[in-house]
Amino acid sequence: MENFEPEIVAFCCHYCAYTAADMAGSKRISYPPNVKIIRVPCTGKVDAIHIMKALEKGADGVYVAGCLEGDCHFKNGNTRAGYRVEHVQKYLEELGWETERVAMMNMSAGMGEFFARTALEFTQKIKQLGPSPIKRINIDKSQKAVG
Amino acid sequence: MITAEQKPLSEIIEYISPYDRILLVGCNECVTVCAAGGRKEVGLLASALTLHFLKQGRTIDIKEITLERQCDPEYVEELVSEIDRADAILSMACGCGVQTIAERYKEKPVFPAVNTKFMGASESQGIWVERCRGCGDCLLGITGGICPVARCSKQLLNGPCGGTSNGKCEIDPDVECAWCLIWERLKALGMEKRYEEIMEAKDFRPAGGGGPRKIIREDLSL
């Protein structure tokens, strides 16, 4: 599992986190290529089902990155997204998954360094957790088949 | 509307574990409004169940479908084309929907995915409160539009009792005393005299005390 490279999906708000990611790029600050960004018009657009589907399709971690508290372009989309992330975490807890695989983050468009740092920290955390339980099963199966 | 809440996943999983092909059926009516069993919740539950079984190394086939109204045989009939491909049905509708399906498709096991709670109204986004017990003999016309059967913890018809305190019920400081609300409302309407009229003991037969209830409208029957 040393070579495990997690697949991470980041739902990023167009008005903040996505622009922050862009700024990280402009400043030549690198962040792990494991993080696959999906731009959304507001994190309020991200529903629990989107996060669940990402996990179902094999993502090892998913995070939603929205504006700072009180700074949502659409008033409170980021707060709603936070509630939805909590909702999914409760589901994962019931299913026996690590709730840390899903997270909510807040940042402004100018926080390019912060974006890169959080992307790195989240990737490291997921690396520590290992592959998602779905992938683990497939790995075990293939190892048995080889053995 | 009829309100409901999703059952714990562990209970749902226990129900469907013996089966490989599940027909997961939502309802577009009340349970959609109270976000317990509409199309969105069907998708979410299907995804959660898929995650659970994949973790066990098992793939189960979950077919998602949301009917317009599960308590109506006309719409339940729409499942005919899907029913043969399912080993069991998991319904996200209220108890009425589950039973309508069970009655129509006798050869398939049907399981509920939600707990039906009460007849309620939306207080604010995400909060539903009980407002009607379906007692079959509505008193709202004489209680200022506030129901003592549904909202008084003791269902008193001549309240309040000694447990009222600053307009709150003794069972919980967050629960309003229905009879204080009734009094305030009647006072605002200038109908205080109505409060002084003693209400006689209520006949609870129309409330279900006389067995399962039924409405027959011959003018509408085919």
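Predicted model: local features only at pLDDT ≥ 70, side-chain atom pairs only at ≥ 80, totals over all residues.

Residues are numbered from 1 along each chain as its sequence is written, and chains are lettered from A and ligands numbered from 1 in the order in which they are written.

On confidence, the predictor assigns the complex an ipTM of 0.88 and a pTM of 0.92.

Now chain A. There are five helices and four strands in chain A. Helices here are DSSP runs of H or I with at least four residues, strands are runs of E with at least two, and both are numbered from the N terminus. The order along the sequence of chain A is β-α-β-α-β-α-β-α-α.

The C-alpha trace of chain A spans about 55 × 35 × 20 Å along its principal axes. Its radius of gyration is 16 Å, which agrees with a compact globule, since 147 residues would give a value near 15 Å. That radius is taken over C-alpha atoms, and the globule rule is 2.2 Å times the number of residues to the power 0.38.

Of the 147 residues in chain A, 45% are buried. Buried means that 20 or more other C-beta atoms, placed from the backbone, lie within 10 Å of the residue's own. Strand β4 of chain A, residues 102-106, is mostly covered, with four of its five residues buried. Strand β3 of chain A, residues 61-66, pairs with β4(A) in the parallel sense over five bridges; a pair needs at least two bridges found by DSSP. Within that pairing, Val62(A) is opposite Val102(A).

On to chain B, with ten helices and nine strands. What does the radius of gyration say about chain B? The value is 22 Å, well over the 17 Å from the globule rule for 222 residues, so chain B is more spread out than a compact globule. The C-alpha trace of chain B spans about 65 × 45 × 25 Å along its principal axes, and 33% of the 222 residues of chain B count as buried.

One sheet in chain B is worth a look. Three strands form an open sheet in the order β1-β6-β7 (chain B), with antiparallel pairing. At its edges are β1 (2-6) and β7 (127-132) of chain B, each with a single partner strand, so one side of each has no neighbour in the sheet. β1(B) pairs with β6(B), residues 114-124, over four antiparallel bridges, and Ile2(B) has Met119(B) in β6(B) as its bridge partner.

Last, the contact between the chains. How many residues does each chain bring to the contact? Chain A supplies 13 residues and chain B 14 residues, where contact means C-beta atoms, placed from the backbone, within 7 Å. On the side of chain A that touches chain B, α2 (48-56), α3 (77-95) and α5 (133-146) of chain A each supply at least two residues. The most come from α2(A), with six residues.

That is the end of the walk-through.

Technical notes: Contact = placed C-beta atoms within 7 Å. Buried ≥ 20, exposed ≤ 12 C-beta atoms within 10 Å, placed from the backbone.
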